[in-house]
Amino acid sequence: MTNDIKMKIQIGTIPENEYYNYRLDVIFDSYKWDLQANDQSTISDKVVLLNQETINFLAKSAVALYNETMAMEEVIKKRPDLMLKMGISPTMADALFNCQYNQKEHLRLMRFDYHPTKAGWKISEVNSDVPAGYPEASILPQLAEKYFPKYQKSVDTGKMLVDGFLRIAPANSHIAYLHDTQTVEDYQILHFIGDMLKKHGHEPIYMSPADLKWEDNEAINAGAIMRYYPVEWLEYEEGADWLSFINTKTPSCNHPTALLTQSKRLPLIWDELKLDLPFWKQLLPETKCLNDVKNDNGWILKPAFGRVGEGINIPKAVSKVEDSLIRQAAKDHPNQWVMQKMFESLPIEGLHLSLGVFVIDGKFAGLYGRTSKLPRIDSEASEVPVLVKKESL
């Protein structure tokens, strides 16, 4: 894809006289209860409009990335030495190496973050372990459709998640939804899926990982687990039986082996995997160890297990103080950081854009957008629905 990318993405605006009602619908129908990130509203009046060619590219390339990622997981699972190189702790690496599991008994969810750049589409990462955004990918497009009659939502992420759970969970069983119980954001994300599955006879239990009890690696009183709590945190969560999570016999989304491809240091071991990874190598910017970059001009630092844009020192998007703190943290713990070649984000109508493209069990599962006035898409970015032009128009 060349520099005509800007012509294939449009930014629509919810009519000003309709925005108040739209905002209420987002709050009450789309599980968007935390309305602000500092001074930034998380509910935008913008809508991303794509044509069919663009959505086809995103869908097909994301599925290809998923397949390559699953192939990497199979190799890394047998190589604890490579896990250590990615920043996984020795204790966790040993547990993942020794765990026995059948991926077909679990639900596999990933989200690849795409960015329009002056060189075409690039990805910044895969959210392989606990990706967020499925309420935004499912309900926001449905709410925005009526304002853009020539466009429609692509795929219903929530429905695909529900269908996946109905496949792996025992009928009428309880589902354990695990999250950081101190944050509203985590709860609202899981509540969306919990309400949908409750309609199919699966009662929800919302809890901290420390509250889930186990017997012989099987969760007590839970037929399946939906985890919105990073695997690497489990090892340090007081009261959590994290080894039972690793060796779980209870169906999960995702199984903790998802950690094997969550690290941003993943490209550093590609040569040792001896796999063909054409889509990853085409779409991800060049990534190196800190010591391998002599002149960091044009490079940015990224934490191995960072999320929502945290700890990334993109010029003009971070203050001098934050940049200094990031550089010091990377200097102190270089095996927990990488340097990545910075791509030049292409603003669309003044907004920097990230499209999170979901894949569930190898199938394209919808997408949602985040926009920012700065080139770093972080916790202060606004959520935007994504619509695709109807084929008949």
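Reader: Where is asparagine 217 found?

Author: Asparagine 217 is found in the loop between strand E10 (214-215) and strand E11 (218-219). Helices (H or I, at least four residues) and strands (E, at least two) are DSSP runs, numbered from the N terminus. The model is a predicted one, in which local features need pLDDT of at least 70, side-chain atom pairs count only at pLDDT 80 or more, and totals for chains, interfaces and linings use all residues. Residues are numbered from 1 along each chain as its sequence is written, and side-chain values use heavy atoms, with hydrogens and water left out.

Reader: Why is asparagine 217 called partly exposed?

Author: Buried means under 20% relative accessible area, exposed means over 50%, and partly exposed lies in between (1.4 Å probe, protein chains only). Asparagine 217 has a relative accessible area of 25%, and is therefore partly exposed. Its phi is positive, about 65°, although asparagine 217 is not a glycine.

Reader: What makes glutamate 349 count as exposed?

Author: The relative accessibility of glutamate 349 is 56%, so this residue counts as exposed. Glutamate 349 lies in the loop between strand E16 (337-341) and E17. It has a positive phi of about 50° although it is not a glycine.

Reader: Why does glutamine 103 count as buried, and with which residues is it in contact, leaving aside its neighbours within four places in sequence?

Author: Glutamine 103 has 18% relative accessibility and therefore counts as buried. Its place is in the loop between helix H4 (90-98) and strand E5 (109-117). With contact meaning heavy atoms within 4.5 Å, glutamine 103 is in contact with Met70 and Arg108, once its neighbours within four places in sequence are left aside.

Reader: Which peptide bond is cis?

Author: The bond from cysteine 253 to asparagine 254 is cis, with omega near -5°. Asparagine 254 lies in the loop between strand E13 (252-253) and helix H11 (270-273).

Reader: How do you know that strand E17 and E18 pair?

Author: Two strands pair if DSSP finds at least two bridges between them. Strand E17 (residues 352-360) and E18 have 8 bridges, in the antiparallel sense. Within this pairing, valine 359 stands opposite phenylalanine 364 in E18. The hairpin of E17 and E18 has 2 residues between the strands, and aspartate 361 there takes a positive phi near 50°. E18 also pairs with strand E19 (residues 382-384) in the antiparallel sense, over 3 bridges. Here threonine 371 stands opposite serine 382 in E19.

Reader: Why is strand E18 described as largely enclosed?

Author: Of the 10 residues of strand E18 (residues 363-372), 9 are buried, so the rest of the structure largely encloses this strand.

Reader: How do you know that the radius of gyration of the protein chain agrees with that of a compact globule?

Author: The radius of gyration is taken over C-alpha atoms, and the globule rule is 2.2 Å times the number of residues to the power 0.38. For 393 residues a compact globule would have a value near 21 Å; the protein chain has 20 Å, and therefore agrees. Along the principal axes, its C-alpha atoms fill a box of roughly 55 × 55 × 40 Å.

Reader: What share of the residues is buried, and how many helices and strands does the protein chain have?

Author: Buried residues make up 57% of the 393 residues. The protein chain has 13 helices and 20 strands. Among its contacts between residues at least 6 apart in sequence, 76% join residues at least 24 apart.
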